[in-house]
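Open the model in your viewer and keep the selection tool ready. The stops below go from the whole chain down to single residues.

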Amino acid sequence: MNDLNSGWGGYTAENFLVERRKANELARSIRLTPVDDIVLQKASLEQGMKVLDAGIGPGIFVKQLLELRDVELVGVDSSREFIEVAQDTLSPWIARGRVSLELVSLEEWLPPASTFHRVFCMTTIHHLPPEEMRKVAANFFYCLVPGGEILLVEDWAIPPSSLFEDLARRLRWYQMERKGPKEYHQDLEFYKSLLCEAGFLLAEVVSMPRPFQLEGFKGIEDPEFNRLLRLASEFPTEERLVRMVLIRGVVPHKQ
Ligand SMILES: C[S@@+](CC[C@H](N)C(=O)[O-])C[C@H]1O[C@@H](n2cnc3c(N)ncnc32)[C@H](O)[C@@H]1O
């Protein structure tokens, strides 16, 4: 579990918020649909739905979601810093009683039965070891209504399909191993079976390109790391893309 007072992955919550915004703007500037827009479109949200964001981070995705649809939203995160930033980002909706935030790790979060219509878990589950992922996936299933859906989004779940993606992946792995924190990225088959074992029917798997920014890759004194970074820097911005996967799982209606 995260230290409740720490930031995430070397980012503070504030600069993660800035990076998240920059990623969306950059995607638009290179004529790419931002991942957030694709996920929102796939979620088919309807007015009045109850939604869980598991690992809400700074709340920037949720803000876009709430600007689109009037839903009731619960955000869970284990970082005090991220919850505080999300409180600021979402203050108008908190004031109107549309959003509540819980400072708790997903492993310890107690799911209410059959409550939510949608669960978003975006680039968060890789923070948990596989056995905890299973427990949390079962909780997601338990807290959704029949016909409810999970949208699970993760990086690095599919093999690289371009030289840039291969370089980006290797840089990310270097960074993770040298600077931490430990993450538990899995491949697509694992994530699919995770949802199936929890009881979900798989409705859709989509891969989505996103811009990959090299600015954060500093401070590792290693010739191989710096060689990879130099090679990656030679690519023009519009070709610095990596793919995320979105897996949409549905809670079956009882027979
Ligand atoms: C990469 S950020 C993603 C934030 C947000 N979902 C988004 O897409 O912008 C990962 C988030 O997961 C949170 N997190 C990490 N481990 C967690 C855990 N065990 N339980 C709950 N949240 C966790 C971090 O604090 C961070 O806010």
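This is a predicted model: local features need pLDDT of at least 70, side-chain atom pairs count only at pLDDT 80 or more; totals for chains, interfaces and linings use all residues.

Residues are numbered from 1 along each chain as its sequence is written.

**The whole chain.** Select the protein chain and colour it by secondary structure: there are nine helices and seven strands (DSSP runs, H or I of at least four residues for helices, E of at least two for strands, numbered from the N terminus). The radius of gyration, taken over C-alpha atoms, is 18 Å, close to the 18 Å that the globule rule gives for 255 residues, so the chain is as compact as a globular protein of that length. That rule is 2.2 Å times the number of residues to the power 0.38. Of the 255 residues, 38% count as buried (20 or more other C-beta atoms within 10 Å of the residue's own, with C-beta atoms placed from the backbone).

**Helix α2.** Select residues 35-43, where Val35, Asp36, Val39 and Ala43 are buried. Seen down the axis of α2, these buried residues fall within an arc of 100°, so they line one face of the helix; the arc is that of the directions from the helix axis to the C-beta atoms. Now show α1 (13-29), α3 (60-68) and β4 (116-122), which are among the elements that cover them.

**Leu66.** Move to helix α3 and pick Leu66. Is Leu66 buried or exposed? Leu66 counts as buried because it has 22 C-beta neighbours inside 10 Å. Leaving out residues up to four places away in sequence, Leu66 touches Leu73, Trp93 and Arg98 (contact means C-beta atoms, placed from the backbone, within 7 Å).

**The core.** The largest nonpolar core has 57 residues, and Val119, Phe140 and Ile150 are among those that touch the most other members. Such a core is a set of buried Ala, Val, Leu, Ile, Met, Phe, Trp, Tyr and Cys residues joined through C-beta atoms within 7 Å. A second, separate core of six residues includes Ala168, Leu171, Phe212 and Leu241.

**The ligand.** Finally, select the ligand: 21 residues surround it, the closest being Gly55, Gly57, Ser79, Met122 and His127. A residue belongs here if its C-beta atom, placed from the backbone, lies within 6 Å.

Methods
A residue is buried if 20 or more other C-beta atoms lie within 10 Å of its own, exposed if 12 or fewer, and partly exposed in between; C-beta atoms are placed from the backbone. Two residues are in contact if their C-beta atoms, placed from the backbone, lie within 7 Å.
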